[in-house]
Amino acid sequence: MDNLKKASVLLTLYLNVNSLCLVSAGKISGDEVINLGHKSTAWEPLMHISANLSSISSIASYFEFRTLDPEGIVFYGDTKEGQDWFVLTLRDGIPEVQIGKANILVSVKAGPKLNDGAWHKLELRSEQKYVIVEINNKVELLVGMESDQTDDLLTGKIRLALGGMLVDQKRLLHPFNPEMDGCIRAGNWLNLSTPWDTEPSWKPSTCFPEIKKGSYFPGSGLILFNTSDLPGVETEERGVTIEVYGSWRGTLLSLQSLDFQYILPGVKGKESRGFTVELEEESGSSNTADSSKLTLTLLKHSLVLNGETELENESIDFLSRWTEGMSLAFGGVPGESEDSKTVHHLQGCLEKILIQGQDIDLDRGLSSSTGLSRHTVVP
């Protein structure tokens, strides 16, 4: 009995160690629930897999997909080490397929908007000269290609990837923003049972049962814009208006140029090269976790917060600075470390950010956090 117990313990330890090795090597089953967001790089796939074409009976994959994100990579595949490739993306919420084969590039966009937060079943398959995309059991995209330079005989390996591409994005016919904040589940990938390889820094992220539009800030990182890339000044009298809706704690936003700095809420005792506006603790919603709206207006020589003047300085033309380009960050202050005692990074949910009345897509900014969700918050 003792020997049997020892053997059982050794076997358990062996299985546990091998299970740990499988996780540390970055492996995941393709039929699990997979969050495509929170990647460390924009274009590199979250995970990928390859197989010999000789062992595959049908070039078809299907899965369920859910997102509120209007643009980004969902699914990629190629043969001949990337000489022939395709990528499925969303653009304005509508599915788009781009294909590269020999000297031919094709881009086709069609079908229903999928960024409604509901689960949709997608199937992609190759049938001779055609790539077919079914959405909710209905053919929505059918792309055919033929040339005297193409070879329809499939040999070698096929590679699949989620959330990124395995070829240079410069080969795209129609460039797009690659980052996709969405979830995949119930995947069947060419009937393969082999686990997928994940990026080295990959960690599983939750896909919540219910979601709504907005951006979740985990208390670390920020999103940075150059104001010259944002909606500009219409008239000097109206200035530039930033509206933020949501609930949060910590640093909501900061504005910086070479000789000017504004932090909301302000940081008492902080030294800077320019101005740091200090907000009192009772200054309202910026220090509470209650759902709120905040409006910051930049006029020629003043900053106005929720209708009250925060700063006046005749030597600074804020509108010219905006047009020329300042750093506008949501969630923190560029250059501040995560453990800074003077600036607390934003924690909470921003339901909407409007600049000059236009909804701002946070995918257009540079993020310093892989834990930030730009299009999804939990109700």
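Trainee: Where should I begin with Arg364: is this residue buried or exposed?
Mentor: Keep in mind that this is a predicted model. The general idea is a cut-off: a residue is called exposed when its relative accessible area is over 50%, and buried when it is under 20%. Arg364 has a relative accessibility of 54%, so it counts as exposed.

Trainee: Is Glu71 buried or exposed?
Mentor: Glu71 is buried, because its relative accessible area is 9% and the limit for that label is under 20%. Leaving out residues up to four places away in sequence, Glu71 touches Leu90, Arg91, Phe176, Asn177, Glu179, Met180, Asp363 and Arg364. With Asn177 there is also a polar contact: a polar atom of the Glu71 side chain lies 2.6 Å from the backbone nitrogen of Asn177.

Trainee: How many salt bridges does a search of the whole structure find?
Mentor: The search finds 15. One of them joins Glu64 and Arg185, whose closest N and O atoms are 2.6 Å apart. That pair also links distant parts of the chain, with Glu64 in strand S4 and Arg185 in strand S13 (residues 182-189), 121 residues apart. Glu64 is partly exposed at 24% relative accessible area, and Arg185 is partly exposed at 30%. Another salt bridge joins Glu96 and Arg91, with 2.8 Å between the closest N and O atoms; both of these residues are buried. Salt bridges can also form a network, as they do among Glu123, Arg125, Glu127 and Glu134.

Trainee: Now for the strands. What is the order of the eight strands in the open sheet?
Mentor: Start with the general idea: strands of a sheet pair through backbone hydrogen bonds, either parallel or antiparallel. Here the order is S1-S14-S3-S12-S5-S6-S7-S8, and the pairing is antiparallel. Strand S1 (27-28) and S8 are the edge strands, each pairing on one side only. At the S1 end, two bridges join S1 to strand S14 (residues 196-198), and Ile28 stands opposite Trp196 in S14.

Trainee: What joins S7 to S8 at the other end?
Mentor: Six bridges join strand S7 (residues 94-101) to strand S8 (residues 104-109), and the two run antiparallel. The Glu96 from our salt bridge with Arg91 turns up again here, with Lys109 as its bridge partner in S8. S7 and S8 make a hairpin with two residues between them, and Ala102 in the turn has a positive phi of about 55 degrees.

Trainee: Which strands stand at the edges of the five-strand sheet?
Mentor: That open sheet has the order S19-S18-S23-S16-S26, again with antiparallel pairing. Strand S19 (260-264) and strand S26 (366-367) stand at its edges with a single partner strand each, so one side of each has no neighbour in the sheet. Inside the order, strand S18 (residues 253-257) and strand S23 (residues 327-330) pair over four bridges, with Leu253 opposite Phe330.

Trainee: And loops? Where is Asn136 found?
Mentor: Asn136 is in the loop between strand S10 (130-135) and strand S11 (138-144), and it is partly exposed at 39% relative accessible area. Asn136 and Lys121 are 15 residues apart in sequence, yet 4.9 Å apart from C-alpha to C-alpha. The side chains of Asn136 and His120 make a polar contact of 3.1 Å.

Trainee: Which residues form the nonpolar patch on the surface?
Mentor: Tyr130, Val139 and Leu142 form it, with about 280 Å² of accessible area together. Val139 lies in strand S11 and is partly exposed, at 40% relative accessibility.

Trainee: How many helices and strands are in the chain?
Mentor: Two helices and 26 strands. Of the chain's 379 residues, 47% count as buried.

Key: Residues are numbered from 1 along each chain as its sequence is written. This is a predicted model: local features need pLDDT of at least 70, side-chain atom pairs count only at pLDDT 80 or more; totals for chains, interfaces and linings use all residues. Side-chain values use heavy atoms; hydrogens and water are left out. Two strands pair if DSSP finds at least two bridges between them. Buried means under 20% relative accessible area, exposed over 50%, partly exposed in between (1.4 Å probe, protein chains only). A polar contact is a pair of N or O atoms within 3.5 Å; within protein, one must be able to donate a hydrogen and the other to accept it, and residues adjacent in sequence count only if both atoms are side-chain atoms. Patches are made of residues with over 30% relative accessible area and no salt bridge: like charges are joined within 9 Å, nonpolar side chains (Val, Leu, Ile, Met, Phe, Trp, Tyr) within 5 Å. Accessible areas come from the Shrake-Rupley method with a 1.4 Å probe; for residues, only the protein chains shown count as cover. A salt bridge is a side-chain nitrogen of Lys or Arg within 4 Å of a carboxyl oxygen of Asp or Glu. Contact means heavy atoms within 4.5 Å.
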